[in-house]
Amino acid sequence: MSFTRITVVGLGLIGSSVARAARARIEGVQVTGYDADPEVRATAREIGLCDEIADDADAAAREADLVVLCVPVGAMGRAAADLAPALPADAIVTDVGSCKASVVEALAAALPGHVIVPAHPVAGTEQSGPTAGFATLFNHRWCILTPPEGTDPVAVDRVAGFWRALGAEVETMAPDHHDRVLAVTSHLPHLIAYTIVGTASDLEEVTQSEVIKYSAGGFRDFTRIAASDPTMWRDVFLANREAVLDMLQRFSEDLALLQRAIRWGQGDALFDHFTQTRAIRRSIVEQGQDDARADFGRTHE
Ligand code: NAP
């Protein structure tokens with residue numbers, strides 16, 4: 001790991017996890033934190049999140065050799081532009097945004113002349129804020145780098161080394177491809193969860209208390225995803241609009257096929273479909289991307 005002065009901008013779930021992981025796993029590193037929200041800065045100071053908390057973007061940028069932008073994707077351009085005046089010319093910038101094409105464009109516009117190696121650690125929880133993060137969040141999770149064509153390969157290697165030092169496995173992809181992959185593996189599931197939870201809470205013949213009381217039937221697993229940060233997810237859907245709408249179209253067609261199978265009593269079609277989906281769950285567990293225990297490892301005590 002070749003960076004010694006890391007600045008983390010945006011000290012929420014992901015930023016505070018980056019700060020914690022860097023301090024826990026990288027010897028001799030100096031971590032400076034900055035957040036636009038004074039309350040977040042105060043909490044970060046109180047819990048000793050970083051070696052130093054900067055009170056403005058200039059102070060955050062001045063000494064950095066690596067900047068990690070951990071703000072919502074719609075705020076990336078603004079956050080980068082605020083750092084630009086004081087950022088050393090040889091500092092490298094990376095980010096953690098959940099969609100990449102729009103972020104690549106925003107960062108290039110805000111920081112012309114700087115080396116930018118965009119990244120997306122595919123790891124998170126439904127919680128937000130500086131107290132929600134933890135140092136092991138990136139352990140054995142994938143971090144996808146999406147360097148624009150022509151990015152200095154040495155800088156890409158150095159940023160890959162940084163993410164590996166935090167415990168992640170690193171993969172490289174084109175930004176547009178990343179956005180299509182994540183539209184189906186992350187953005188669409190969030191949209192479906194937001195829809196189901198909204199539908200259940202709008203039903204008139206089933207009371208809210210019944211929805212909550214009997215949620216262990218499956219509903220509660222969607223509520224975890226649907227509790228995710230509203231600002232973050234608003235920005236993701238606006239920024240990755242085309243890919244999400246495309247995947248949503250395919251999802252609607254597949255849903256219509258299942259609807260038809262139920263209507264016409266096509267049990268074999270339903271059985272075959274559910275057999276295929278069960279195999280996908282098994283692959284996720286086999287590849288170490290989820291807990292192998294039943295019911296996500298809930299103890300049922
Ligand atoms: P979060 O907990 O809400 O934290 C974001 C922080 O950034 C907030 O404290 C916010 O302050 C601050 N901020 C906003 N604009 C800023 C600016 N211009 N300059 C400095 N600070 C600013 O969000 P998060 O879940 O950590 O998500 C951060 C990024 O990680 C997003 O781009 C998201 O797409 C990506 N990501 C999230 C997950 C996940 O599971 N949550 C996983 C992978 C990647 P205010 O609250 O006052 O606006």
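Which elements each supply at least two residues of the shell around the ligand? In this predicted model, local features need pLDDT of at least 70 and side-chain atom pairs count only at pLDDT 80 or more, whereas totals for chains, interfaces and linings use all residues. Residues are numbered from 1 along each chain as its sequence is written, and side-chain values use heavy atoms, with hydrogens and water left out.

The elements are α1 (13-25), α4 (76-83) and β7 (119-121); helices (H or I, at least four residues) and strands (E, at least two) are DSSP runs numbered from the N terminus. The ligand is surrounded by 28 residues, the closest being Leu13, Ile14, Asp35, Val71 and Ser98; a residue is near the ligand if one of its heavy atoms lies within 4 Å of it. By class, the shell comprises 16 nonpolar, nine polar and three charged residues. Here Ala, Val, Leu, Ile, Met, Phe, Trp, Tyr, Cys and Pro count as nonpolar, Asp, Glu, Lys and Arg as charged, and the others, Gly among them, as polar.

Oxygen atoms of the ligand lie 2.7 Å from a polar side-chain atom of Asp35 and 2.6 Å from a polar side-chain atom of Ser98. A nitrogen atom of the ligand lies 3.1 Å from a backbone N or O atom of Ala36. Of the 900 Å² of accessible area that the ligand has on its own, the protein covers 83% (Shrake-Rupley method, 1.4 Å probe).

Definitions and conventions. Polar contact = N/O pair within 3.5 Å; in protein donor to acceptor, adjacent residues only side chain to side chain.
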